[in-house]
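Let's take a walk through this protein together, one stop at a time. Keep the sequence and the 3D view side by side as you read.

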Amino acid sequence: MPPPTISTLTFKFDHFSSLGTNIINNEHLTTTTGHRILSDLKTDIDGNLWRVAMYPNGERSVDSGIVQLCLYNKGEEHLVAAVSFVVRGSTGRVYYEKPMAPGLLRARGKSGRGGNIIERRKILDRAHEILVGEHQSLVVEVVIQVCEDVELYEWVSNGGHYFTPQNPCPKNLMKLLCEDHNDDDTSLADVHFQLNDEVVIHAHKLILKMNAPELYLLCEDADTNQSIPITGISEEVFRIVLYYAYGGTFPKREPIKASSPEKEPILKLGLEIIDAADRYGMIELKILVETYLVAYRVMRKHNVADMLLFADAKNCALLKEYAFAYAISRSRDIINSELSAKLKESNSLLQELFVAAAEIPERRASMGGGGGGGGGGSGVGGSSHCGSLNGSAENDLVFHRRSLCVNELRIELSENDLEVDGSKEILESRLEQMRLQQYTVRSSVSTQSSSSSIACSLETQESERRFRG
């Protein structure tokens, strides 16, 4: 999975004031609803084909007076994408932005993503300076964050499949966590966590030792009747952490509701869960939630600064890579924002951002190009290619390291039973050391094989000389 691709496509609707109106006596009357204007087709950096439909006075009578926009996927493959509609004024300032959670956009324009954008009267109000140029055009930018896995958002029931029983172990472990703990001898719990004056959560040291090692260290020497105080974490997040330690799956695999994405657990508590997982040594949970945040394309202009600083502090390499990609793709809007001010306080982050921006042309070249189809498309992302260990070990190792994104680094490290937690620099160093060791072993074996061949040849020559003598 390459770094997230963020494309910005620009759609322009000329002579906006006359769109969706009836003309009587040379006057424009904005009384027509349901009138649809289609934009030109635009291509994003990945080659996906898009079109925007605009209802300049609403699609239905109840929407009268509201400008509605809808993005359609005109390609041949279904896509899932998070979409933001951005309306700029003639000065370049963002007047309005409507972000939408990831959703399915079916191929060939069978379904779209959009909704109410802005009141028509506000666009026509010259004081707002929204319409631009001599044609008084409405300019709409669409920020598209395509997700990798369509199936992640298109879960369906397993109707029609044969019943297959599941391993009961996870369910039985969950029963241990959820059992009714009384003061009798039937409970197997041997540790008790005190979250506040009223909430006590019971657990089992053996399970914590295997799945939450740092949490286990807090209670390793505690007596059975002793309560361990837990501070700096909410009850909801602590229960989620224990739920995962006992074999539960979090987050639940359910599509995010576009109407209220902020209410979804993965968006509402994601950073808190990562913080708790990092504190208690639950690396798998930390990376799982981080990956879901990236997969759900949660980055927006208003949160990219906090996301980037958090990812850097907690060594969330994938989230940090995504934040860099988003910040670069929307640099026009972010350059004078909170992110810019915070980056000035961190020379290391600022330097990393410059490096990430410099790698964009290389990534696009490795994709074989890509473009914005005359629509001002821009983006970050692309596939990468790995180097092979030929010639100079040092040069090849550096090339191999730089050609991998965070997800690819983690996959290769995991396949070789190495740690997958840490910053991208740590992951690169870990992989480079492994490659160097493998290269050294192969070189040693090759040298020994050559030495053995030479020794064997000399022995054969000596035997022949003696035979002839």
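Asn315 is partly exposed, since its relative accessible area comes to 30%; here buried means under 20% relative accessible area, exposed over 50%, and partly exposed in between, with a 1.4 Å probe and protein chains only. You'll find Asn315 in the loop between helix H9 (304-313) and H10. The labels come from DSSP runs, numbered from the N terminus: helices (H or I) have at least four residues and strands (E) at least two. This is a predicted model, where local features need pLDDT of at least 70 and side-chain atom pairs count only at pLDDT 80 or more, while totals for chains, interfaces and linings use all residues. Residues are numbered from 1 along each chain as its sequence is written, and side-chain values use heavy atoms, leaving out hydrogens and water.

What is there to notice about the phi of Asn315? Phi is near 55° there, a positive value in a residue other than glycine. Most residues other than glycine have a negative phi. Arg108 has a positive value too, with phi near 60°, and is likewise not a glycine. Look for Arg108 in the loop between strand E9 (94-105) and strand E10 (112-119). With 45% relative accessibility, Arg108 counts as partly exposed.

Now follow the chain on to helix H10, which covers residues 317-329 and packs with helix H16 (residues 406-415). Two packed helices are described by the angle between their axes and the distance between the axes. For H10 and H16 the angle is about 160° and the axes are 9 Å apart. Axes are lines fitted to C-alpha atoms, for helices over the stretch in contact, and angles run from 0 to 180 degrees between N-to-C directions. On the H10 side, Ala317, Leu318 and Glu321 make the contact, and on the H16 side Val406, Asn407 and Arg410 do; contact means heavy atoms within 4.5 Å.

Zoom in on strand E8 (residues 79-88) and you'll see E8 pair with E9 in the antiparallel sense over nine bridges. Val86 stands opposite Glu97 in E9.

There's another open sheet to visit, with three strands in the order E13-E12-E14 and mixed pairing. Strand E13 (200-203) and strand E14 (227-229) take the edges, each with a single partner strand, so one side of each is left without a neighbour in the sheet. Strand E12 (residues 191-194) runs antiparallel to E13, and four bridges join them. Gln194 has Val200 in E13 as a bridge partner.

Last stop: Thr43, in strand E5 (residues 42-43). Thr43 and Ser7 are 36 residues apart in sequence, and their C-alpha atoms are 9.4 Å apart in space.

Notes: Two strands pair if DSSP finds at least two bridges between them.
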